[in-house]
Amino acid sequence: MTDATPSVPRNVYWFEVLLLASLTLDCISVAFQDRTMDADMSASVIAAANTIAAGLIILLTYLVWLAAHGRKKWARAVLTASLAFSVVSLLQIISVSGVEPGLWIDIVSCALTGAGVYLSYTGDARGWFTG
């Protein structure tokens, strides 16, 4: 049996693996977030935040698939921009509250995404992205 689609280059494969691992960590991070209600956070606000986080993770997973298998250059650019926003957000949180134990999962997630995005711009991935 022959495969109808060309196999993915090695760097693109690792791009996909690293970004999906990062998104898995993001799921774990959202699952263990503090959901304590107080005067500022009602149950509906917490539910809305969790729903938005889940929707964003699903969207980013689709963008990873589009970039790796659909060869979409724009999807890779959106993921790169998302990484930039995540790093800026993480640096702001660290500047306010320091590096807390719960933040390590987000730091590792950003590192995995950074490594994956780097691989998508180097080596055998260079000619892969077309549209």
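These questions and answers walk through helices and aromatic rings in a predicted model.

Q: How are α1 and α2 oriented, roughly parallel or roughly antiparallel?
A: The axes of α1 and α2 come within 10 Å. They cross at roughly 175°. Angles over 145 degrees count as roughly antiparallel. That makes the arrangement of α1 and α2 roughly antiparallel.

Q: Which residues of α2 do residues of α1 meet?
A: The α1 side includes Val 12, Phe 15, Leu 19 and Cys 27. Across from α1, the α2 residues are Asn 50, Ala 53, Ile 57, Leu 60, Thr 61, Val 64, Ala 67 and Ala 68.

Q: How do the rings of Phe 15 and Phe 129 pair, stacked or edge-to-face?
A: The count of aromatic pairs comes to 3. In the pair of Phe 15 and Phe 129, the ring centres are 6.2 Å apart. The planes stand at 85°, so the pair is edge-to-face.

Q: How many residues apart in sequence are the parts that Phe 15 and Phe 129 tie together?
A: Phe 15 belongs to helix α1. Phe 129 belongs to the segment after α4. The pair therefore ties together parts whose separation in sequence is 114 residues.

Q: Is Phe 129 buried or exposed?
A: Buried means under 20% relative accessible area. Phe 129 has 5% relative accessibility, so Phe 129 counts as buried.

Q: What is the relative accessibility of Tyr 62?
A: Trp 65 is partly exposed, with a relative accessible area of 44%. Tyr 62 also counts as partly exposed, at 46%.

Q: Which ring does the charged end of Arg 76 sit over?
A: Arg 76 is one of the buried residues in α3. The charged end of Arg 76 lies 3.9 Å from the centre of a ring. That ring belongs to Tyr 121.

Q: Which helices are among those that cover the buried residues of α3?
A: α3 spans residues 73-97. Its buried residues are Ala 75, Arg 76, Leu 79, Leu 83 and Leu 90. What covers them includes α1, α2 and α4.

Technical notes
Residues are numbered from 1 along each chain as its sequence is written. This is a predicted model: local features need pLDDT of at least 70, side-chain atom pairs count only at pLDDT 80 or more; totals for chains, interfaces and linings use all residues. Side-chain values use heavy atoms; hydrogens and water are left out. Helices (H or I, at least four residues) and strands (E, at least two) are DSSP runs, numbered from the N terminus. The expected span of a helix is 1.5 Å times one less than its number of residues. Buried means under 20% relative accessible area, exposed over 50%, partly exposed in between (1.4 Å probe, protein chains only). Contact means heavy atoms within 4.5 Å. Rings of Phe, Tyr and Trp (its six-membered ring) pair if their centres lie within 6.5 Å; planes under 30 degrees apart count as stacked, over 60 as edge-to-face and the rest as tilted. A charge sits over a ring if NZ of Lys or CZ of Arg is within 6 Å of the ring centre and within 35 degrees of the ring normal. Axes are lines fitted to C-alpha atoms, for helices over the stretch in contact, and angles run from 0 to 180 degrees between N-to-C directions. Angles under 35 degrees count as roughly parallel, over 145 as roughly antiparallel, 65 to 115 as roughly perpendicular and the rest as oblique.
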